[in-house]
Amino acid sequence: MSKKVLVVDDAAFMRMMLKDILTKNGFEIVGEAENGAVGIVAYQKFKPDIVTMDITMPEMNGIDAVKAIKTLDAGAKIVMVSAMGQQSMVIEAIQAGASDFIVKPFQPERVIDALTKVLG
């Protein structure tokens, strides 16, 4: 059974790249969101198995969104998406409850490995 993924990123191009990598590897994209606030609503609506969450977004960043989603669902599985040089923010996101992270530009194998590992 395919795993349901919610993709949260303010860049439509990045969402498209992630969706392409994931669907080619048997994941089902159930929703996408352009910022953390929309991501929280989408999480409640779609109940995904896992979320990919960009860190830097307008309105609400990924770290605040992780905290909010973990409050709603302590078992939520979230993989952060970070640009190079965002190590401190990645650490903050992990402390907030994220399970792992992937770095842009995406390496398809790393993306699939991270999600597969987090899903157990």
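In which sense do E3 and E4 pair, and over how many bridges? The legends below begin with that pairing.

The model is predicted, with local features requiring pLDDT of at least 70 and side-chain atom pairs counting only at pLDDT 80 or more, whereas totals for chains, interfaces and linings use all residues. Residues are numbered from 1 along each chain as its sequence is written, and side-chain values use heavy atoms, with hydrogens and water left out.

**View 1. Strand E3 between its partners E1 and E4.** E3 and E4 pair in the parallel sense over 4 bridges, and E1 and E3 likewise pair in the parallel sense over 4 bridges; two strands pair if DSSP finds at least two bridges between them, and helices (H or I, at least four residues) and strands (E, at least two) are DSSP runs numbered from the N terminus. Leu6 stands opposite Val51 in E3, while the bridge partner of Val51 in E4 is Ile78, and Thr52 stands opposite Val79 in E4.

View 2. Of the 5 residues of E3, 5 are buried, where buried means under 20% relative accessible area, exposed over 50% and partly exposed in between, with a 1.4 Å probe and protein chains only. Ile50, Thr52 and Asp54 lie on one side of E3, and Val51 and Met53 on the other. In E4, 5 of 5 residues are also buried, with Ile78, Met80 and Ser82 pointing one way and Val79 and Val81 the other way.

**View 3. The largest nonpolar core and the surroundings of Met80.** A nonpolar core is a set of buried Ala, Val, Leu, Ile, Met, Phe, Trp, Tyr and Cys residues joined through side-chain atoms within 4.5 Å. The largest such core has 21 residues, and those with the most contacts inside it are Val8, Val51, Met53, Ile69, Ile78 and Met80. Two or more residues each are given to this core by strand E1 (4-8), helix H2 (36-46), strand E3 (50-54), H3, E4 and H4, and the largest share, 4 residues, comes from H3. A second, separate core of 18 residues includes Phe27, Ile50, Ile102 and Ala114. Leaving aside neighbours within four places in sequence, Met80 has contacts (heavy atoms within 4.5 Å) with residues including Met53, Ile63, Val66, Ala93 and Phe101.

View 4. In H4 (residues 87-96), Val90, Ala93 and Ala96 are buried; they lie on the same side of H4 because they cover an arc of only 120° around the axis, the arc being that of the directions from the helix axis to the C-beta atoms. What covers the buried residues of H4 includes helix H3 (62-72), strand E4 (78-82) and strand E5 (100-103), whereas Gln87, Ser88 and Gln95, on the other side of H4, are exposed. Just after H4, Gly97 takes a positive phi of about 125°.

View 5. Arg15, in helix H1 (residues 12-24), counts as buried because its relative accessibility is 13%. Neighbours within four places in sequence aside, Arg15 is in contact with Val7, Asp9, Asp10, Glu32, Ala33 and Glu34. The charged end of Arg110 sits over the ring of Phe101, 5.9 Å from its centre, on the criterion that NZ of Lys or CZ of Arg is within 6 Å of the ring centre and within 35 degrees of the ring normal.
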